[in-house]
Amino acid sequence: MDGDCDDTLTQGSPRQRLRRDSGRRAKMDAQSSAKVNTRKRRKEAPGPNGATEEDGIPSKMPRCAVGLRQPAPFSDEIEIDFSKPYVRVTMEEASRGTPYERPVRVYADGIFDLFHSGHARALMQAKNLFPNTYLIVGVCSDELTHNFKGFTVMNENERYDAVQHCRYVDEVVRNAPWTLTPEFLAEHRIDFVAHDDIPYSSAGSDDVYKHIKEAGMFAPTQRTEGISTSDIITRIVRDYDVYARRNLQRGYTAKELNVSFINEKKYHLQERVDKVKKKVKDVEEKSKEFVQKVEEKSIDLIQKWEEKSREFIGNFLEMFGPEGALKHMLKEGKGRMLQAISPKQSPSSSPTRERSPSPSFRWPFSGKTSPPSSPANLSRRKAAAYDISEDEED
């Protein structure tokens, strides 16, 4: 069935295909340009996030897989029915909305060199000027552009193709005129002309859209700041050496880039120097990471060492300090040794034992008896005999 639908969509004249594409675009634009729904929040049922004031809640779009499968056609490929009279709609009628079969035909022209987001946004604004808009885009030729504006990067065929593939475009006019004439507006049945309202001085005129503004057919759009074809070219010219080296690396020859032999060698040398710098930078980064890791590990080791040293000092003081365990052990050992060495003393109340005097010592080979000694000598002999007997007893 999908194959049959595809065949049906691709069949018919270009005019019929254009009408079908315009219908699909109108439906998609109606969904995308729907206004936000406002809802008052009740006190008894507050909304999400605790909001109490009237909030704007964007309506959700249904998921739609219908897309544009073909680029926008050229104006010279479309059949126009000139039997129906052309009556231009007013701004009020266009803003209020026109019937589906009578869209508001809006025309926007330009060079569109190096087609960028600023071009796309301008065409998007032109497409969304009215609820039912048919956007016609005119692209000037190379000859006209080179005469009035200057040289372009892309040729006219490339610029035509770029505009054709923009999703907001319904029709493309090739070789568009620089100044819009009443004949051109009537030929393409244009209702309004969209462009930014800055006066565009060219071709000997202060503003090429002055007569369009006076006729009430001008619909202004806003320029996108920060992006333009001139800005892109300025970036390339400013960094010319960088882009020349970039393309040389990608295989373009110096002749294709219009680079001299000396500059080619210079670019190659700069490329080698940059590679060396990159290697050195990588080595520096790796060395910094290594040093950082070593510092972190050293800090950890120092902290662990401090903890272990405190623990060791505490254990040493606990063992060998002034009140340590070793001192108590020595005291206990000394006390035990003294108790073991010193004899037990007899009690003072025990009676004394009298020792009998030992007999006097006689020499065996002495046959004679010793003469009687004097009382003094006798006392000395008794004392010596007592000492000898006491030593024998011990």
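His116 touches Ile227, Ser228, Thr229 and Ile232, leaving aside residues up to four places away in sequence; contact means heavy atoms within 4.5 Å. This is a predicted model, where local features need pLDDT of at least 70, side-chain atom pairs count only at pLDDT 80 or more, and totals for chains, interfaces and linings use all residues. Residues are numbered from 1 along each chain as its sequence is written, and side-chain values use heavy atoms, with hydrogens and water left out.

**His116**
- His116 sits in the loop between strand S3 (104–110) and helix H4 (117–127); helices (H or I, at least four residues) and strands (E, at least two) are DSSP runs, numbered from the N terminus.
- His116 is buried, because its relative accessibility is 11% (buried is under 20% relative accessible area, exposed over 50%, partly exposed in between; 1.4 Å probe, protein chains only).
- A polar atom of the His116 side chain lies 3.0 Å from the backbone nitrogen of Gly118.

**Rings**
- Aromatic pairs number 6 (Phe, Tyr and Trp rings, the latter by its six-membered ring, with centres within 6.5 Å; planes under 30 degrees apart are stacked, over 60 edge-to-face, the rest tilted).
- Phe74 and Tyr160 are edge-to-face, because their planes stand at 75°, with centres 6.4 Å apart.
- This pair links distant parts of the chain, 86 residues apart.
- Phe74 is buried at 9% relative accessibility, and Tyr160 is buried at 6%.
- Phe112 and Phe115 form a tilted pair, 6.2 Å centre to centre with 35° between the planes.

Key
A polar contact is a pair of N or O atoms within 3.5 Å; within protein, one must be able to donate a hydrogen and the other to accept it, and residues adjacent in sequence count only if both atoms are side-chain atoms.
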